[in-house]
Amino acid sequence: MAHPQPRPNVLAIPAYVAGRPPTVRPGMTAYKLSSNENPYPPLPGVVEAATRAVAVMNRYPDMGSTALYDALAARLEVPVTDLAVATGSVALIYQLVNAFCAPGDEVVYAWRSFEAYPIAVTAAGAESVKVPVTADGRHDLEAMLAAITDRTRIVMVCTPNNPTGPAVTQAELDAFLARVPEHVVAVVDEAYLEFVRMDDAVDGLATYRRHPNVVLFRTFSKAYGLAGFRVGYAVAQEHVASALRAVSLPFGVSAVAQAAAIASLEAEGELLARVDDLVAERDRVVAGLRETGWDVSEPQGNFVWFALGDRTAEFAAAADEAGITVRPFAGEGARVSIGETEGNDRLLEVARAFSA
Ligand SMILES: *Cc1c(COP(=O)(O)O)cnc(C)c1O
């Protein structure tokens, strides 16, 4: 062979399909509802904090992200040693697999779920064990337990589940964790935590305090509107958190991102009020869909799942025609983010016309 060859698993890494930007149509505002982003523009105070950091871009960022760790520790009431900050929680998935899996070790997760999971697992040379979600898009926790073997190092629970929407309850999570072997890391991916409105919602922090093998993944990308800056964090007891920190990319989180994340924590009240508005929009969309006969599974994030099967591409094209871009998963369904009110209205129109 004439050229250098990467490890065989590198060639097997599935491609990440990013949400498409909207098709530009003259005279029509287009809405990007394909990446679960926050539709609100950044708060002035957050922009100012980031701008101050821009002015010193000739310097490396604080490698230890000290001020951000301190702010998170104070906000969450956890020791700094139980935190790991990274360039988005996507990076934390990579770090966790690299820190805990040798080649051939297994990672159990629900499917369909977040598409970064198979990418990170394959990149590390580990094996994915995908457990199908139920017909209404819920984790089949019983089947996930049954899928754990002596090769399993990590089991992941994505709640609310991206892209299908439902969240697990605390009772379900407790019963599950009670049966996960102690040496297996149990991830609770809480990327959409702030959007959850249900009885018996998961209390991640209380759960991590009770379980030395639990790690929470959280992000500033969704509720806090910092997707473009790449900041996420993990909360876990020190033996897991320190392993995540050990394999992190030095200077990964930029100074601008650190400043914006800290300013966002300071502006949390305002940001969470926006989340309330998005939740109200989500509930309005779900009610509208149910009125027109759509049977959507209970969405607890900032997105709605349409289980369309082989009509998925047709639906995505109809949405595109109406100036909204959705995220189709070929042959399975379409995920549509809750966005600006007009974008949400257009979604309702498309869905109404499509079911008729
Ligand atoms: C968006 C998302 C993340 C967070 O991604 P970032 O890298 O923090 O932007 C993590 N998990 C799930 C399930 C997500 O949907």
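Predicted model: local features only at pLDDT ≥ 70, side-chain atom pairs only at ≥ 80, totals over all residues.
## Basis

Local features need pLDDT of at least 70 and side-chain atom pairs count only at pLDDT 80 or more, while totals for chains, interfaces and linings use all residues. Residues are numbered from 1 along each chain as its sequence is written, and side-chain values use heavy atoms, without hydrogens and water.

## Cysteines

A search of the whole structure finds zero disulfides (pairs of cysteine sulfur atoms within 2.5 Å). Cys101 is in none; its nearest cysteine sulfur belongs to Cys158, 17 Å away. For Cys158, likewise in no disulfide, the nearest cysteine sulfur is that of Cys101.

Cys101 counts as buried, at 9% relative accessibility. Cys158 is buried too, at 3%. Buried means under 20% relative accessible area, with a 1.4 Å probe and protein chains only.

## Helix H7

Helix H7 spans residues 170-177, and its buried residues are Gln170, Leu173, Phe176 and Leu177. Helices here are DSSP runs of H or I, at least four residues; strands are runs of E, at least two, and both are numbered from the N terminus. Down the axis of H7, the buried residues fall within an arc of 125°, so they line one face. The arc is taken over directions from the helix axis to the C-beta atoms.

These buried residues pack against helices H6 and H8 and strands S5, S6 and S7.

## Gln170

Gln170 lies in helix H7. Its relative accessible area is 9%, so Gln170 is buried. Beyond neighbours within four places in sequence, its contacts (heavy atoms within 4.5 Å) include Asp200, Thr207 and Arg210. Its side chain reaches the backbone nitrogen of Asp203 at 2.6 Å.

How values were computed. Buried < 20%, exposed > 50% of the residue type's maximum accessible area, 1.4 Å probe, protein only. Polar contact = N/O pair within 3.5 Å; in protein donor to acceptor, adjacent residues only side chain to side chain.
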